[in-house]
Amino acid sequence: MNRWMNELADKYEKTRKAYPKDKLIIIFDIDGTILDMRHMILYVLRDFDELLGTQYFQDLEIHDIDFHEDHVSHLLERLSISWSDRKTMLALFEEHLISATAFPHSQRPFHGALDVIRWFQRQRNTFVGLNTGRSESLRSNTLETLNAWGSLHDVVFQNDLLFMRSSHSIDGITYAKVAGIEYFKQSGYRTFAFLDNEPDNLRAVSEADPDGTILLLHADTIFKSHVDNIPKRAVKGSIYDLRKLIAERKSQANSDDSSRIYFDEDYRRTA
């Protein structure tokens with residue numbers, strides 16, 4: 001299950017050797033890849049208890065959130081919530097989810113994600129880009145949250161390295177993902193890897209990169225699109241293991257990231 005980190009280390013080394021003067025970039029999706037959306041969902045649901053004066057979610061734990069945010073209705077049915085309250089929650093859910101992006105404490109990164117990002121940000125002429133399906137209107141909220149968590153890991157996310165979906169675009173998220181890859185290319189970066197949890201996004205980028213120059217990494221968390229849409233050349237993983245990266249780049253003598261770091265205990269896999 002650590003193969004994706006091995007593949008990432010090998011791809012980075014080969015690309016650096018082939019293009020020693022280029023600005024290399026690894027591109028991350030945000031929701032479901034860096035940030036664990038279950039925390040935002042739980043935050044919103046508990047907010048509904050306060051709003052409606054109910055206690056539906058007081059005993060709900062993070063491991064109970066085993067669904068994509070678009071499928072919250074299944075949980076509401078499972079908890080036998082009254083139809084009137086369920087109707088109110090579903091009508092307000094997306095609005096409250098968007099509002100929650102303004103509060104860093106409502107969101108939380110997967111274990112190890114920021115450590116991997118920090119490692120790449122410390123490498124020579126290497127950058128970390130963000131390519132998200134979030135709307136452009138959420139730019140300030142997104143950067144505030146990511147940098148609030150990043151400050152705890154010596155990570156800084158830059159505005160010009162964040163590509164977001166246009167607030168007025170009628171095109172889907174997969175189109176925006178491909179546009180993001182092109183944005184970084186036009187900005188002078190050479191993309192060597194792209195991480196995303198959604199199979200459809202990986203498929204779209206794969207089709208836009210027929211020569212296979214970009215390593216596609218599937219973050220095996222919770223996703224909406226069908227697993228069969230994961231490109232055959234994509235590498236799946238759920239564990240951030242930094243030991244391979246450190247072994248490949250021994251010059252990082254001050255690094256202390258020698259342990260296996262998991263997305264979350266609920267995603268632990270048997271090696």
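**Aromatic pairs and the nonpolar core**

Good morning. I begin with a cluster in which ring pairs link Phe127, Phe163, Tyr183, Phe184 and Tyr189. Rings of Phe, Tyr and Trp (its six-membered ring) pair if their centres lie within 6.5 Å; planes under 30 degrees apart count as stacked, over 60 as edge-to-face, and the rest as tilted.

The structure is a predicted model, in which local features need pLDDT of at least 70 and side-chain atom pairs count only at pLDDT 80 or more, while totals for chains, interfaces and linings use all residues. Residues are numbered from 1 along each chain as its sequence is written, and side-chain values use heavy atoms, with hydrogens and water left out.

Let me turn to the chain as a whole. The protein chain contains nine helices and eight strands; helices (H or I, at least four residues) and strands (E, at least two) are DSSP runs, numbered from the N terminus. Of the 271 residues in the protein chain, 51% are buried. Buried means under 20% relative accessible area, exposed over 50%, and partly exposed in between, with a 1.4 Å probe and protein chains only.

Now to the rings in more detail. How many aromatic pairs does the rule give? The count comes to eleven.

Phe120 leads us to the core. The largest nonpolar core has 36 residues, and those with the most contacts inside it are Leu8, Ile26, Phe28 and Phe120. A nonpolar core is a set of buried Ala, Val, Leu, Ile, Met, Phe, Trp, Tyr and Cys residues joined through side-chain atoms within 4.5 Å. Elements that each supply at least two residues of this core include α1 (3-18), β2 (126-135) and α6 (139-150). Helix α5 gives the most, with six residues. A second, separate core of 19 residues includes Phe48, Phe57, Val72 and Ala100. Not counting residues up to four places away in sequence, Phe120 touches Leu8, Tyr12, Ile26, Thr126, Val128, Phe192 and Leu245; contact means heavy atoms within 4.5 Å.

Charged groups also meet rings. Lys23 lies over the face of Tyr189, at 4.3 Å from the ring centre, and the charged end of Arg190 sits over the ring of Tyr19, 3.5 Å from its centre. A charge sits over a ring if NZ of Lys or CZ of Arg is within 6 Å of the ring centre and within 35 degrees of the ring normal.

Is Thr33 buried or exposed? Thr33, in the loop between β1 (23-28) and α2 (37-52), is buried, at 0% relative accessibility. Lys21, in the loop between α1 and β1, is exposed, with a relative accessible area of 76%. Leaving aside neighbours within four places in sequence, Lys21 is in contact with Arg16 and Asn125.
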